[in-house]
Amino acid sequence: MNLSDPAFQLELAANIAVAGSILLAGRNNVHTWWLGIAGCALFALVFERSHLYADMVLQFFFIAISVLGWWQWLRGDHGAPLPITSLRPRAWAWLAPLAVLATFGYGWMLTRLTNAYAPYVDSAVLVLSVIAQLLMMRRKLESWWLWLLVNSIAVPLYYSRGLHLTSILYVGFWINALVAQRHWRRLMRGQADASLADAGG
């Protein structure tokens, strides 16, 4: 970790921006989106230099989806802020197989077409992150369980590529995801209690 190294400076800036975004997401704060866009743009450069091409592509997805997520959080419930809800159990029956197939398919493509490092592991981070991001965009509680899984895979992957600062950050993300899941659960219960109170009133 050399502060005079431009590559480390880029990694540091990306980590700071994304860390702020994740912390704001865990606090259910809408400003998570614009800060995340800036961090993802920086991380796309970081991952391109590390030959983690699936992660690089993932950043462009995050940038595009963040614009929609920003709007949905503000106006996604018929003009009102979107409430936190839980994913229906039957949704996992198609989400889980889709995640496995997409991971192996994208990993195979990277193996054939690029010099990607750990293509299947890298692809797992991409696919699971996409699903988690889409669920978070819809304010689904289970998005944080998927982020826990993503971070568990990402930490050793990034460390093995010499991205030590990023791997440390993702340990922090793992902790934040656990805390955020509990926070969102409390908020969801609060919403349910408020609805019952309104119905009873």
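What radius of gyration would a compact globule with 201 residues have, and what does the protein chain have? The rule gives a value near 17 Å for a compact globule, and the protein chain comes in at 18 Å, which agrees. Keep in mind that this is a predicted model.

Figure 1. The protein chain has seven helices and zero strands, so reading from the N terminus you simply get α-α-α-α-α-α-α. Along its principal axes, the C-alpha trace spans about 60 × 40 × 25 Å. Buried residues make up 46% of the 201 residues.

Figure 2. Helix 1 covers residues 6-26, and at 1.5 Å a residue its 21 residues should span 30 Å. The end C-alpha atoms are 30 Å apart, so the helix agrees with that expectation. At the start of helix 1, a side-chain oxygen of Asp5 reaches to within 3.1 Å of the backbone nitrogen of Ala7. Past the other end comes Asn28, whose phi is positive, near 65°.

**Figure 3. The largest nonpolar core.** In soluble globular proteins, nonpolar side chains tend to be buried together. Here the largest nonpolar core has 55 residues, and those with the most contacts inside it are Met136, Trp144, Trp147 and Tyr158. The elements giving two or more residues to this core are helix 1, helix 2 (32-49), helix 3 (53-75), helix 4 (92-113), helix 5 (119-137), helix 6 (143-160) and helix 7 (164-200). Helix 5 supplies the largest share of the core, 10 residues.

**Figure 4. Zooming in on Trp144.** Trp144 is one of the residues with the most contacts inside the core. Leaving out residues up to four places away in sequence, Trp144 touches Ile22, Ala25 and Gly26, along with Met136.

**Figure 5. His183 and its partners.** His183 lies in helix 7. With a relative accessible area of 11%, His183 falls under the 20% cut-off, so it counts as buried. Not counting residues up to four places away in sequence, His183 touches Gly26 and Arg27.

**Figure 6. Thr166 and its polar contact.** Thr166 is another helix 7 residue, and it is buried, with a relative accessible area of 0%. Its side chain makes a polar contact with the side chain of Glu11, at 2.6 Å. Setting aside residues up to four places away in sequence, Thr166 touches Glu11, Asn15, Phe43 and Tyr158. Of these, Tyr158 is among the residues with the most contacts inside the largest nonpolar core.

**Figure 7. Ala154, tucked into helix 6.** Ala154 sits in helix 6. Is Ala154 buried or exposed? It is buried, with a relative accessible area of 0%. Apart from its neighbours within four places in sequence, Ala154 is in contact with Val125 and Tyr170. The C-alpha atoms of Ala154 and Val171 are separated by 9.1 Å, and the two residues are 17 residues apart along the chain.

Technical notes:
Residues are numbered from 1 along each chain as its sequence is written. This is a predicted model: local features need pLDDT of at least 70, side-chain atom pairs count only at pLDDT 80 or more; totals for chains, interfaces and linings use all residues. Side-chain values use heavy atoms; hydrogens and water are left out. Helices (H or I, at least four residues) and strands (E, at least two) are DSSP runs, numbered from the N terminus. The expected span of a helix is 1.5 Å times one less than its number of residues. A polar contact is a pair of N or O atoms within 3.5 Å; within protein, one must be able to donate a hydrogen and the other to accept it, and residues adjacent in sequence count only if both atoms are side-chain atoms. The radius of gyration is taken over C-alpha atoms; the globule rule is 2.2 Å times the number of residues to the power 0.38. Buried means under 20% relative accessible area, exposed over 50%, partly exposed in between (1.4 Å probe, protein chains only). A nonpolar core is a set of buried Ala, Val, Leu, Ile, Met, Phe, Trp, Tyr and Cys residues joined through side-chain atoms within 4.5 Å. Contact means heavy atoms within 4.5 Å.
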